[in-house]
Amino acid sequence: MSTRFDLNLLRVLVALHRWRSVSKASADLGLSQPATSLALGRLRKSLGDPLFVRSPSGMLPTPRCTEVVECAVAALSGIDETVLHRKTFDPATSRRDFVVTMADVGELHFAPPLMAYLEREAPLCNLRCETFPRQDIEAALEEGRCDLALGFFPNLHRPALYAQTLFMHTLVCLVRANHPEVKSSRIGMKKFLQLSHAVVTPLGRSGELFETKLKEMGLQRRVQLASVHFLTVPAIIATTDMIVTVPRSIADYYTRLENLRIVEPPIKIKPYAVKQFWHPRFNADPAIRWLRESVVRLFGTPTDTALPSKRTP
């Protein structure tokens, strides 16, 4: 690559990588399509790589293109933050819609405290909880359609994203408080397999850990209820002799709704990290930084308050 590389071309490359379209990238950058096409030609010549190849689904980046973009977004974020001094965010007066994505079971844990906090600290801001297909979450974060992903997202552990651990979580079982066969704080394997189970499908990501563990151990149990709604679970468990396995924070929430009791499962599930994820492109955005810091203040542990670096496990 030439030592006289035009660094202004990096913003063009990032936009092309994000939109996979010359016309959309041009609109985003405020450039004409010929100017963007010319910049792409200069990039290809300077980097010695085609950068994008055509496919039925649009422009596909080459591995070299993605490598350069990952470096560029981090560099441009630093420039925006330390050189250009982007505008500040005043939560008391700002009007902004924050967009977060999380599983519906995660929404039970995150949304109530977060909304109470926003109502108090940022009364003119709104929160939108949106669902994206798993394979589209990274693109939504990169394109600014989503500000944060909150929860257990093992598929998001990639160099292109920032990740920050909020807390460690585990799974527990729930039965009705006066269950005739489960009387102690831990259930044995034999009794666990004998009982009828409730399972929410499609499974949450944490639930998949449990199902995978059962399969690895060659264990089968009767799933008497398969539901797509977490909302009905506590009422069903409270009026039957069934058992359900859920994240501990959700179990705590359910016990406040119904006469239920938490019991430890017979299978040891390794605690998993609940994190927040965001794209480096918006790392310097004052509003999103405030939201991230607010999430840590509400849900994080003292050891997790420092902003992470990329590749955080």
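1. Contact here means heavy atoms within 4.5 Å. Helices (H or I, at least four residues) and strands (E, at least two) are DSSP runs, numbered from the N terminus. The model is predicted: local features need pLDDT of at least 70, side-chain atom pairs count only at pLDDT 80 or more, and totals for chains, interfaces and linings use all residues. Residues are numbered from 1 along each chain as its sequence is written, and side-chain values use heavy atoms, with hydrogens and water left out.

2. Helix α1 (residues 9-19) meets helix α3 (residues 33-47) through Leu 9, Val 12, Leu 13 and Leu 16 on the α1 side. Their partners in α3 are Thr 36, Ala 39, Leu 40, Arg 42, Leu 43 and Leu 47. By class, this contact has 8 nonpolar, 1 polar and 1 charged residues (Ala, Val, Leu, Ile, Met, Phe, Trp, Tyr, Cys and Pro count as nonpolar, Asp, Glu, Lys and Arg as charged, and the others, Gly among them, as polar).

3. The axes of α1 and α3 come within 10 Å and cross at roughly 105°, which makes α1 roughly perpendicular to α3. Axes are lines fitted to C-alpha atoms, for helices over the stretch in contact, and angles run from 0 to 180 degrees between N-to-C directions. Angles of 65 to 115 degrees count as roughly perpendicular, under 35 as roughly parallel, over 145 as roughly antiparallel and the rest as oblique.

4. Helix α2 (residues 22-29) also packs on α3, with axes that come within 9 Å and cross at roughly 105°. α2 and α3 are therefore roughly perpendicular to each other. Val 22, Ser 23 and Ser 26 in α2 meet Gln 33, Thr 36 and Ser 37 in α3. The residues of this contact divide into 1 nonpolar, 5 polar and no charged.

5. Strands β1 (residues 52-55) and β2 (residues 58-61) run antiparallel and are joined by 4 bridges; two strands pair if DSSP finds at least two bridges between them. Phe 52 stands opposite Pro 61.

6. In strand β7 (residues 171-176), 6 of 6 residues are buried (under 20% relative accessible area; exposed is over 50% and partly exposed in between, with a 1.4 Å probe and protein chains only). Leu 171, Cys 173 and Val 175 point one way, and Val 172, Leu 174 and Arg 176 the other. In a regular strand the side chains alternate between the two faces of the sheet.

7. β7 runs antiparallel to strand β10 (residues 243-247), with 4 bridges between them, and Leu 171 stands opposite Pro 247. Another 4 bridges join β7 to strand β11 (residues 260-263), also antiparallel. Cys 173 has Val 263 as its bridge partner in β11.
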